[in-house]
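Thanks for making time this morning. I would like to walk through a few local features of one model, so please have the viewer open while I talk.

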Amino acid sequence: MITRPIRNILESGKEGEKLSIPGWVRTVRDSKNVVFISLNDGSSITGLQLVVEKDSFSDLEALGKISVGSAIIAEGTLKKSQGQGQSIELLVSSIKIEGLSPEDYPLQKKRHTLEYLREIAHLRARTNTLGAVERVRSRMSYAVHSFFQDRGFMYVHTPIITASDCEGAGEMFQVTTLDMDKLPLTKQGKVDYEKDFFQKKAYLTVSGQLEGETYATAMGNIYTFGPTFRAENSNTKRHLAEFWMIEPEMAFADINDNMRVAEDFLKYIFKDILEHQEEDMDFFDNFVEKGVKKSLMHVVETPFVHMTYTDAIKELEKNNDKFDYPVKWGVDIQTEHERYLTEVVASSPVIVTDYPKEIKSFYMKQNDDGKTVRGMDVLVPRLGEIIGGSEREADYDKLLARIKELGLKEENYSWYLDLRKYGSCTHSGFGLGFERAILYATGMQNIRDVIPYPRYVHNASF
Ligand code: 4AD
Ligand code: MG
């Protein structure tokens, strides 16, 4: 059967409609003459109340077996609800049991910690919180595509396996079919990658940007939306080893165009979920992070503040006594500083630009001062960095010089340099960490709870 979501029935079901509704039992309440069952199918937080009148129900034995977690299909007629908390309910005529759920079902009706739920990630989508997260995640994916498709951006699928390190930070997972216990060696005693699947070292991508640029410089405006991987040994609430990234890349666009798109994009996706996931957003606002809806509305309505890195450092230095890590020009700013800039200095999202070249990637456009590059990070309150991007170096000689300066292998980037040789143009782009966006939008505290199966250091369960 193709089912009609309970969300839809609650919104537009008509009294007297005869329906057959499948779902999982959240609660069973047995009173003298009536059994109330709350049925949930994952389409909304609110379930459908099933009402079984014992007097007229034929299969009381089956009814007695239904417990929390069971999968059933209930048949009956919609009627106005007498009770409080719901406007419509199903007066049940028959119930088909698809699968019972014994007493050791781990999600009995009580509050579970998010840490515990992570251990049963295969069942946690059946809880209110994780269900709401997943619905917001799904809707936000849709909003990402609508935003770019409506503006004529092409969706490009960049490779997952790659030989080039986009960020040059050496945080890549290696992909190989060599037998680790019996590695083939060259005469010099090094691993012989000629014998490996690709006949050279290969990795899981940390970003689709470089390949994205090759399509932007052929098709104008493009975006990617796919999984990326980082072997970062950081055990934080904001880092995953496998996360999804959205990376637009725009030909003939400079950093100002880039900042405008980034701001419009964030505003669009947050506004979209406020409008379309109202019940879930109310849930987050009431039970997860008080005020999260207001802070999202604030992002939607407030113009982002622009600030150079140099000015940001000046602001931060005045308050160095407040930080665990005091700053000075040249250091990479950390979450505590990012939050200070957005929450205290600007009281709004901030776009920081023109970072020292030493702390940014090789591909960023070099400024005339010889010290800074046209990078931009978008920072938001509560979280810090949500987007990283830049105008790209479009000059062949400058780019090659930087590649050499950083000791990167020129031959690995020959194709990337070609873009600067044949019809080079001004171009820019950025990357939004999808889970960071969900984390921010829902007010959830840990990035491990906004992706179905989180991968992080020492963990790849399920
Ligand atoms: O700042 P990053 O490293 O920039 C890039 O990868 C560029 N190639 C993007 C571009 O210009 N096309 O990463 C972009 C964003 C970060 O701002 C952050 O939101 C997210 O990706 N991110 C992570 N999210 C979860 N876990 C991690 N380990 C992340 N690393 C980065
Ligand atoms: Mg970054």
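Let me start with the helix pair: Gln-209, Leu-210, Glu-211, Glu-213, Thr-214 and Thr-217 of H5 are in contact with Trp-415, Tyr-416, Leu-419 and Arg-420 of H12, where contact means heavy atoms within 4.5 Å. This is a predicted model, in which local features need pLDDT of at least 70, side-chain atom pairs count only at pLDDT 80 or more, and totals for chains, interfaces and linings use all residues. Residues are numbered from 1 along each chain as its sequence is written, chains are lettered from A and ligands numbered from 1 in the order in which they are written, and side-chain values use heavy atoms, with hydrogens and water left out.

Which residues of H12 are buried? In this helix, residues 414-421, they are Tyr-416, Leu-417, Leu-419 and Arg-420, with buried meaning under 20% relative accessible area, exposed over 50% and partly exposed in between, for a 1.4 Å probe and protein chains only. These residues sit on the same side of H12 because they cover an arc of only 140° around the axis, the arc being that of the directions from the helix axis to the C-beta atoms. Their cover includes helix H5 (209-219), helix H11 (396-405) and strand E16 (427-433). After H12 comes Gly-423, with a positive phi near 65°.

Leaving aside residues up to four places away in sequence, His-239 touches Glu-232, Ser-234, Arg-436 and Ile-447.

Finally, Met-140 belongs to helix H4, residues 128-150, and is buried, with a relative accessible area of 0%. Again not counting residues up to four places away in sequence, Met-140 touches Ile-269, Phe-270, Ile-273, Phe-434, Ala-437, Ile-438 and Ala-441.

Notes:
Helix = DSSP H or I, 4+ residues; strand = E, 2+ residues; numbered from the N terminus.
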